[in-house]
Amino acid sequence: MTALLYFWRVWEDENVTRLYPEIEPHDHGMLDVGDGHLVYWEVCGNPDGKPAVTLHGGPGTGCSTGLRRYFDPAKYRVVLFDQRGCGRSTPHAGEPEADLSANTTDHLVADMERLREHLGIEKWLLFGGSWGSVLALVYAERHPGRVSEMVLMGLATGRRSETDLLTRGLGGVFPEAWAKFRDGVPEADRDGDLAAAYLKLLMDPDPAVHAKAAADWCDWEDAIIPTSPPYKSFETPKFRLAFARLVTHYWSQGSFLDEGVVLREAKTLAHIPAVLAEGCLDLSNLIGTPWELAHAWPGSELVVIDEVGHSTQDEPMREVLIGATDRFAS
């Protein structure tokens with residue numbers, strides 16, 4: 001069955017979609033997931049409600065309080081967690097001598113399963129964006145019986161073609177910013193894998209070297225999302241370093257996935273209801289990932305939203321996401 005395709009246009013904002021009220025966790029903790037890692041988790045909303053888990057982007061942004069507000073707190077039991085190496089999880093990738101060897105996609109999927117079992121959840125709705133959509137797709141393909149529905153935005157599948165677009169392909173769109181980004185690595189590395197070249201600098205023990213590399217990487221991240229203001233968390237040096245290290249660690253390894261496997265296996269998700277939300281102005285659309293994913297996933301609904309980029313903060317995107325969680329609440 002061909003994926004349903006909708007185009008969303010905002011004509012006026014008389015009826016602004018409101019996020020649900022701010023709420024605080026009623027339970028939280030640090031889960032020992034092995035390899036010396038402790039993962040921070042929290043649960044909000046109705047303890048007896050429908051389970052849902054949010055998967056943050058990056059890798060490395062950590063979960064934010066805003067993610068709690070896309071769910072009706074009377075109907076959902078919302079689980080948030082910081083993936084390995086970021087947020088409140090330890091050890092933190094922003095520490096001077098960070099070790100990323102036990103931080104891979106396999107580890108993160110296993111952490112999710114350990115957390116689900118720890119919380120006594122049978123099935124949960126997956127809510128994720130950007131890198132979080134990759135992680136959600138991998139988890140669902142490996143544990144389809146544990147997923148009730150999926151709501152994904154800023155769509156990605158972890159292919160090298162997607163990360164190559166973001167590190168090199170957009171150079172022609174933002175030539176001045178890209179020249180600065182490219183020139184942040186040694187001349188000998190400029191024609192190769194820029195994520196790998198940056199990772200070497202980011203893991204350099206010299207604070208001056210890794211701090212500059214983190215700033216250069218995050219400047220480029222801001223430059224390629226012109227529809228959103230600069231990411232405020234990038235102003236914090238420790239966050240900036242952890243984020244850049246984790247992103248380059250994953251991208252330089254093809255997200256620790258066989259190339260194209262997520263799209264190839266998407267057909268196995270046919271029994272899982274899903275809303276796939278994508279901003280029309282999201283530059284990752286340039287290689288067609290949202291359309292490829294929707295057509296590979298029977299029964300999924302692709303919502304392409306006009307005048308929106310790579311962000312959940314725009315009103316039209318909020319309306320689609322909250323509309324999806326409200327629909328799936330019952």
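Residues are numbered from 1 along each chain as its sequence is written, and side-chain values use heavy atoms, with hydrogens and water left out. Because the model is predicted, local features need pLDDT of at least 70 and side-chain atom pairs count only at pLDDT 80 or more, whereas totals for chains, interfaces and linings use all residues.

User: How far apart are the centres of domain 1 and domain 2?

Analyst: The domain assignment gives domain 1 as 27-158 + 257-328 and domain 2 as 162-255; such bounds come from an automatic or database domain assignment. Taken over C-alpha atoms, the separation of the two centres is 23 Å.

User: What area do domain 1 and domain 2 bury between them?

Analyst: Contact means heavy atoms within 4.5 Å, and 32 residues of domain 1 are in contact with 24 residues of domain 2. Buried area is the accessible area (1.4 Å probe) that two parts lose on being put together, summed over both. Carbon and sulfur atoms hold 62% of the area buried here, which is about 2,400 Å².

User: Which three residues supply 24% of the area that domain 1 buries against domain 2?

Analyst: This share of the area that domain 1 buries is more than any other three residues supply. The residues are P59, L100 and L283.

User: Which residue forms a salt bridge with E95?

Analyst: A salt bridge is a side-chain nitrogen of Lys or Arg within 4 Å of a carboxyl oxygen of Asp or Glu. In the pair formed with E95, the closest N and O atoms are 2.9 Å apart. The partner of E95 is K238.

User: Is strand 5 largely enclosed or exposed?

Analyst: Strands (E, at least two residues) and helices (H or I, at least four) are DSSP runs, numbered from the N terminus. Buried means under 20% relative accessible area, exposed over 50%, and partly exposed in between (1.4 Å probe, protein chains only). On one side of strand 5, Y76, V78 and L80 are buried, as are R77, V79 and F81 on the other. Because 6 of the 6 residues of strand 5 (residues 76-81) are buried, the strand is largely enclosed.

User: Which strand pairs with strand 5 in the parallel sense?

Analyst: Two strands pair if DSSP finds at least two bridges between them. Strand 3 (residues 37-45) pairs with strand 5 in the antiparallel sense over 5 bridges, and V43 has V79 as its bridge partner. For P51, the bridge partner in strand 5 is R77. The parallel pairing, over 5 bridges, is made by strand 4.

User: Is G60 buried or exposed?

Analyst: G60 lies in the loop between strand 4 and strand 5. Its contacts, leaving out residues up to four places away in sequence, are C86, F239, F243 and L246. With 4% relative accessibility, G60 is buried.

User: What is the relative accessibility of S255?

Analyst: S255 is placed in the loop between helix 7 (237-251) and helix 8 (261-265). Residues up to four places away in sequence aside, S255 touches T105, W131, G158 and Y250. S255 counts as buried, because its relative accessibility is 3%.

User: How many disulfides does the structure hold?

Analyst: A disulfide is a pair of cysteine sulfur atoms within 2.5 Å. The sulfur of C63 lies 8.1 Å from its closest cysteine sulfur, in C86, and so is too far for a bond. For C218 the closest cysteine sulfur is also in C86, at 13 Å, again too far. The number of disulfides is 0.
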